[in-house]
Amino acid sequence: RSSDLCGFSLRHLGTWKKPAVAFLLFSNLLPALYTGLIHQRGSLDVMSYIQNLCAVESSYAHPRTSVLMLMPCHSTPFYSHVHCPLRMNFLECPPDFTGQDHYVDEADLFYSSPLAWLKAEFLNGTLLPSHLILFSVS
């Protein structure tokens, strides 16, 4: 008959529809809350700390606070959460427009040899940032 679908009558379709939808909704609710509210919050939470540095910075006559973020590219929202003229630097990862075969951006260069990158970048001790933000990518 046309009302049968693979051995199931279409009139019984509504009896399991609500429990199936409820199961799908509630089984995905906990993972959605965890990934949306807790998982990998550090890159956002650190921005609140940096924003508090702005108040400290404004109390000085000369800017002294600087932040260096040694993290994978675009890990933090950067100035969109800070809203003050705080000196912040991060590892750059521009696309390769030169067509080099073995192009390595600054972030990859740092993670391949962090100590060598730091020694090359900060030859003069006065260039050191006042705050350093990093996390492991392993």
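Colleague: What makes Cys73 and Cys93 a disulfide?

Modeller: In this predicted model, the sulfur atoms of Cys73 and Cys93 are 2.0 Å apart. The cut-off for a disulfide is 2.5 Å between cysteine sulfurs. At 2.0 Å the pair falls within that limit, so it is called a disulfide.

Colleague: Which parts of the chain does the pair tie together?

Modeller: Cys73 is in the loop between strand 3 (66-70) and helix 3, while Cys93 is in the loop between strand 4 and helix 4 (106-112). The two parts are 20 residues apart in sequence.

Colleague: How many disulfides does the rule give in total?

Modeller: The count is two. The other pair is Cys54 and Cys84, with sulfur atoms 1.7 Å apart. That distance is also within 2.5 Å, so this pair is called a disulfide as well.

Colleague: What makes the link of Cys54 and Cys84 left-handed or right-handed?

Modeller: The angle about the S-S bond. For Cys54 and Cys84 it is -60°, and the link is left-handed. Cys54 sits in helix 2 (residues 42-58), and Cys84 in the loop between helix 3 (79-82) and strand 4 (87-90).

Colleague: How do you know whether Cys54 and Cys84 are buried or exposed?

Modeller: By the limit of 20% again. Cys54 has 13% relative accessibility, so it counts as buried. Cys84 has 17% and therefore counts as buried too.

Colleague: What pattern do the disulfides follow?

Modeller: Counting bonded cysteines along the chain, the pattern is 1-3, 2-4.

Colleague: Which residues touch the most other members of the largest nonpolar core?

Modeller: The core has 14 residues, and those with the most contacts to other members are Ile50, Val67, Met69, Val82, Leu86, Met88 and Ile133. Helix 2 and strand 3 each supply at least two residues of this core. Helix 2 gives the most, with five. In soluble globular proteins, nonpolar side chains tend to be buried together.

Colleague: What is Val67 in contact with, leaving aside its neighbours within four places in sequence?

Modeller: The list is Ile50, Leu53, Leu86, Arg87, Met88, Asn89, Pro129, His131 and Ile133. Another core, of seven residues, lies apart from the largest one; among its members are Leu70, Ala107, Phe110 and Trp117.

Colleague: Why is Thr76 called buried, when it lies in a loop?

Modeller: The label comes from accessible area. Thr76 lies in the loop between strand 3 and helix 3, but its relative accessible area is 14%, which is under 20%, so it is buried. Not counting residues up to four places away in sequence, Thr76 touches Ser43, Val46, Met47, Met69 and Met71.

Colleague: What stands out in the phi of His74?

Modeller: His74 has a positive phi of about 60° although it is not a glycine. It lies in the loop between strand 3 and helix 3. Its relative accessibility is 70%, over the 50% limit, so His74 counts as exposed. His83 likewise has a positive phi of about 60° without being a glycine, and lies in the loop between helix 3 and strand 4. At 61%, His83 is over 50% and therefore exposed.

Colleague: What makes Arg41 and Asp45 a salt bridge?

Modeller: Their closest N and O atoms are 2.7 Å apart. The limit is 4 Å, so the pair qualifies. The rule gives a count of one salt bridge. Side chains of opposite charge can pair when their charged atoms come close. Arg41, at 30% relative accessibility, counts as partly exposed, as does Asp45 at 40%.

Colleague: Which residues make the nonpolar surface patch of about 740 Å²?

Modeller: Leu25, Phe26, Leu29, Leu33, Tyr34, Leu37 and Ile38. Take Leu33, which lies in helix 1 (residues 13-37). Its relative accessible area is 44%, between 20% and 50%, so Leu33 is partly exposed. Patch members need over 30%, so Leu33 passes that limit.

Notes. Residues numbered from 1 in each chain as written. Predicted model: local features only at pLDDT ≥ 70, side-chain atom pairs only at ≥ 80, totals over all residues. Heavy atoms only, no water. Helix = DSSP H or I, 4+ residues; strand = E, 2+ residues; numbered from the N terminus. Buried < 20%, exposed > 50% of the residue type's maximum accessible area, 1.4 Å probe, protein only. Core = buried A, V, L, I, M, F, W, Y, C linked by side-chain atoms within 4.5 Å. Contact = heavy atoms within 4.5 Å. Salt bridge = Lys/Arg side-chain N within 4 Å of Asp/Glu carboxyl O. Patch = residues over 30% accessible without salt bridge, like charges linked within 9 Å, V, L, I, M, F, W, Y side chains within 5 Å. Areas by Shrake-Rupley, 256 points an atom, 1.4 Å probe, with all protein chains shown as cover.
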